[in-house]
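Hi everyone, thanks for making time for this one. I'd like to walk you through a model, and I'll start with a question once you have it on screen.

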Amino acid sequence: WSRRSAMALGHHLALCRSPVTFEKVSALNSVFFDETNKQVFAVRSGGATGVVAKGLDDKASISFRMEDKGEVKCIKFSFGNKILAVQRTPKAVDFINFIPDLPQTEYSQECKTKNANMLGFCWTSTSEIVFITDQGIEFYQVLPDKRALKQLKTHSINVNWYMYCPETAVLLLSTTVQGNVLQPFTFRVSWVLCSNQAPIISPHLCSQLRKGCTGTGIGFYCHIH
């Protein structure tokens, strides 16, 4: 199957000439991908022996260390690499400022929904973040100078899995026990719009989506294995 034939059909796959290189996954090294900033994170020993974040441009590579407080489940910078968010437990996200003249002391925000388990989180703007739990979403504004978060909005809904598109700031949730309904949310600065639900007509499609969006790869922030 030639590249010319593939291009004639309008579809082809090609690697860039300067791919992002990173240390392979091992017992000491974990690798994550942030879909918003297009960064690959290599986390060694929970961050104690180093974290390297690489984007498409090697000049934008960031290296730092952080205290090992347990296994890192998800790690992402805000837009502009100003604030780092790290999830280590199903209940909370830790934050570290990377802003000049502000201390890098960690601060944390727990899920406010009782008995909820966090599936992941997404930065929606330079200082706003949404937590996705199995019981809904929690939308926050991060206040780096105060090392605290302000809750902007919550929405209770059963969540099986989620997908987030950073280009449009649209969050798509799979809901209901059967997983046959999609609930979209659109984020803008300081507000969120809950759109009409969309049923999934095909049982086969519903089953395939459920299989493809479970485990450590829930959402787009897949933990690379």
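So, what is the order of the strands in the open sheet of four strands? Have a look while I mention that this is a predicted model.

Here is the answer: the order runs β9-β10-β11-β12, and the pairing is antiparallel. At the edges you find β9 (118-123) and β12 (148-156); each has a single partner strand, so one side of each is left without a neighbour in the sheet. From one strand to the next, the twist averages 20°.

Let's zoom in on one of those pairings. Strand β11 (residues 136-143) and β12 run antiparallel and are joined by eight bridges.

Now for the aromatic rings. How many aromatic pairs are there? With ring centres within 6.5 Å as the cut-off, the count comes to eight aromatic pairs. One of them is F41 with F77, a tilted pair at 5.9 Å centre to centre, with 35° between the planes. This pair links distant parts of the chain, since F41 sits in strand β2 (residues 39-44) and F77 in strand β5 (residues 74-77), 36 residues apart. And are these two buried or exposed? Both F41 and F77 are buried.

F95 belongs to strand β7 (residues 92-97) and Y107 to strand β8 (residues 107-110), so the pair ties together parts that are 12 residues apart in sequence. Here too, F95 is buried and so is Y107.

Back to F41 and F77 for a moment: together with F64 and F98 they form one aromatic cluster.

And for those of you who like charges over rings, please look at K76. K76 lies over the face of F121, at 5.3 Å from the ring centre.

Let me finish with the whole chain. Its secondary structure comes to two helices and 17 strands. Of the 225 residues in the chain, 42% are buried. Among contacts with a separation of 6 or more, 36% are between residues 24 or more positions apart. As for the surface, the chain exposes about 12,400 Å², and carbon and sulfur atoms supply 56% of that.

Conventions
Residues numbered from 1 in each chain as written. Predicted model: local features only at pLDDT ≥ 70, side-chain atom pairs only at ≥ 80, totals over all residues. Heavy atoms only, no water. Phe/Tyr/Trp six-rings, centres within 6.5 Å; stacked < 30°, edge-to-face > 60°. Buried < 20%, exposed > 50% of the residue type's maximum accessible area, 1.4 Å probe, protein only. Lys NZ or Arg CZ within 6 Å of the ring centre and 35° of its normal. Pairing = 2+ DSSP bridges. Axes fitted to C-alpha atoms, helices over the stretch in contact; angles between N-to-C directions. Contact = heavy atoms within 4.5 Å. Areas by Shrake-Rupley, 256 points an atom, 1.4 Å probe, with all protein chains shown as cover.
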